[in-house]
Amino acid sequence: MKFIQLYASLKSDLQTIEDALAQSVASDLPLLNDSALHLLKAGGKRLRPVFVLLAGKFGQYSVDQLKRVAVPLELIHMASLVHDDVIDDADTRRGQPTVKAKWDNRIAMFTGDYLHGKSLVVATELEHPRIHQILSSAIVQMCIGEMEQIRDFFNVNQSERNYLLRIRRKTALLIAISCQLGALASGVPERQANILYRYGYNVGMLFQITDDLLDLCGTEKEIGKPPGSDLRQGNITLPVLYALQDEREREPLLAEIARIRESDGAADSAAAVRLVRGSSGIRRSEALAERYLAKALRVLEDLPAIPARKNLADIARFVAQRSY
């Protein structure tokens with residue numbers, strides 16, 4: 001099943017979640033209402049709600065139950081995007097002005113905090129303490145991941161392990177628990193919920209590595225921002241780390257990164273992008289992404305052979321091949 005067909009098959013339930021998202025962020029304060037709805041109206045893949053719904057198919061499926069998991073997870077994701085745009089000084093996201101660009105940094109930060117708070121309010125509708133614990137712990141870990149990224153801005157000596165731990169916290173964890181919590185909310189046995197967590201973890205790692213590759217190899221039209229945006233912000237991603245291990249490219253790439261840093265992000269990153277593209281960094285990153293894809297598909301083999309299992313495999317392949 002193609003990705004667009006999968007969305008079509010879940011259209012009704014995804015609309016239920018979309019309606020619940022809009023209702024959950026609504027506020028009597030017009031400014032907060034507008035800023036909170038701004039990113040929601042810009043759309044998105046809604047990957048996390050899709051993972052929740054598909055994981056729920058392995059148990060007693062109820063969209064009314066699952067939306068109480070899907071909505072908090074998407075709100076946490078949205079909050080992280082609003083905060084990221086402040087840190088990255090980003091003016092656009094999904095082709096639309098960011099909250100910080102349309103209003104200002106202060107409004108953006110409080111909007112992100114509001115979305116975090118609303119996520120926990122919705123989650124309390126579920127009488128399942130373990131779900132609350134997993135969700136709260138994930139927020140803590142995501143914050144640590146964000147702080148680690150800030151700490152390592154322009155750090156050209158960080159290790160591959162540093163990078164992998166960071167993206168585990170920043171990206172993979174939320175996707176992993178989307179699968180796990182969708183299962184737990186549907187009464188799926190613990191063993192299968194843990195399998196779904198491992199699947200989600202591997203897809204999450206794959207997602208971020210692919211995202212980092214797109215930032216360097218994609219076009220502005222495809223990714224909605226100029227290539228090399230991560231480098232201009234000081235975010236040293238896996239392809240760049242691998243490129244720095246390439247003896248031919250290391251010194252000129254170090255010089256370009258230093259130039260970008262000295263310009264406080266105002267310098268063009270095109271030369272640095274060309275150096276990374278010409279190095280072994282792209283190929284090695286693609287190889288690691290393929291390994292995470294293979295792990296995700298292998299884990300699924302331990303789940304019952306229902307249509308949702310094939311859907312999850314299709315999503316993993318889509319993440320590996322996406323161009324946006």
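# Helix packing and buried residues in a predicted model

Let's start with a contact. On one side, in helix H4, we have Arg48, Phe51, Val52, Ala55 and Gly56; they meet Leu174, Ile175, Ser178, Cys179, Gly182 and Ala183 in H9. By class, the residues of this H4 and H9 contact are seven nonpolar, three polar and one charged.

One caution before I go on. This is a predicted model. The mean pLDDT of the protein chain is 90. Of its residues, 98% reach 70 or more. Helix H16, residues 281-300, has the highest mean pLDDT, at 97. Helix H11, residues 220-223, has the lowest, at 72. Where pLDDT is low, the predicted coordinates should not be read in detail.

Back to the packing. Two packed helices are described by the angle between their axes and the distance between the axes. H4 covers residues 47-56, and H9 covers residues 160-185. Their axes come within 7 Å. They cross at roughly 35 degrees. The crossing of H4 and H9 is right-handed.

Now, how many of the residues of H4 are buried? The count is 10 of the 10, so H4 is largely enclosed by the rest of the structure. The buried residues of H4 include Arg48, Pro49 and Phe51. Leu53 and Leu54 are buried in H4 as well.

Arginine 46 is in the loop between helix H3, residues 30-41, and H4. Most residues other than glycine have a negative phi. Arginine 46 has 7% relative accessibility, so it counts as buried.

Who touches arginine 46? Glutamate 74 does. Glutamate 74 is in helix H5, residues 63-88. Leaving out residues up to four places away in sequence, glutamate 74 touches Leu21, Arg46, Arg48 and Pro49. Glutamate 74 has 1% relative accessibility, so it also counts as buried. Keep Arg48 in view here. Arg48 touches glutamate 74, and Arg48 is also one of the H4 residues that meet H9.

Phenylalanine 154 has a phi of about 60 degrees, and it is not a glycine either. Phenylalanine 154 lies in the loop between helix H8, residues 129-151, and H9. Its relative accessibility is 15%, under the 20% cut-off, so phenylalanine 154 counts as buried.

On to the other partner of H9. H9 packs with helix H10, residues 190-217, at an angle of about 140 degrees. The axes of H9 and H10 are 7 Å apart. That angle makes H9 oblique to H10. H9 passes H10 in a right-handed crossing. The contact of H9 with H10 has 19 nonpolar, six polar and three charged residues.

H14 is residues 250-262, and H15 is residues 270-277. Their axes come within 9 Å and cross at roughly 150 degrees. H14 and H15 are therefore roughly antiparallel to each other. H14 passes H15 in a left-handed crossing. Which residues of H14 meet H15? They are Pro252, Leu253, Glu256 and Ile260. Across from them in H15 sit Ala271, Ala272, Leu275 and Val276. By class, this contact of H14 with H15 has seven nonpolar, no polar and one charged residues.

Valine 240 brings in both of those helices. Valine 240 is in helix H13, residues 238-244. Beyond its neighbours within four places in sequence, valine 240 is in contact with Leu216, Leu231, Leu253, Ile257 and Val276. Leu253 and Val276 were also in the contact of H14 with H15. Buried or exposed? Valine 240 has 1% relative accessibility, so it counts as buried.

Last stop, serine 285. Serine 285 is in helix H16. Valine 240 and serine 285 are 45 residues apart in sequence. Their C-alpha atoms are 9.4 Å apart in space. Serine 285 has a relative accessible area of 0% and is buried. Setting aside residues up to four places away in sequence, serine 285 touches Ile209, Leu213, Leu238, Pro239 and Tyr242. Now take aspartate 13, which is 272 residues from serine 285 along the chain. The C-alpha atoms of serine 285 and aspartate 13 are separated by 35 Å.

Terms used
Residues are numbered from 1 along each chain as its sequence is written. This is a predicted model: local features need pLDDT of at least 70, side-chain atom pairs count only at pLDDT 80 or more; totals for chains, interfaces and linings use all residues. Side-chain values use heavy atoms; hydrogens and water are left out. Axes are lines fitted to C-alpha atoms, for helices over the stretch in contact, and angles run from 0 to 180 degrees between N-to-C directions. Helices (H or I, at least four residues) and strands (E, at least two) are DSSP runs, numbered from the N terminus. A crossing is left-handed if the near helix is turned anticlockwise from the far one by less than a right angle, and right-handed if clockwise. Contact means heavy atoms within 4.5 Å. Ala, Val, Leu, Ile, Met, Phe, Trp, Tyr, Cys and Pro count as nonpolar, Asp, Glu, Lys and Arg as charged, and the others, Gly among them, as polar. pLDDT is the predictor's confidence in each residue, from 0 to 100. Angles under 35 degrees count as roughly parallel, over 145 as roughly antiparallel, 65 to 115 as roughly perpendicular and the rest as oblique. Buried means under 20% relative accessible area, exposed over 50%, partly exposed in between (1.4 Å probe, protein chains only).
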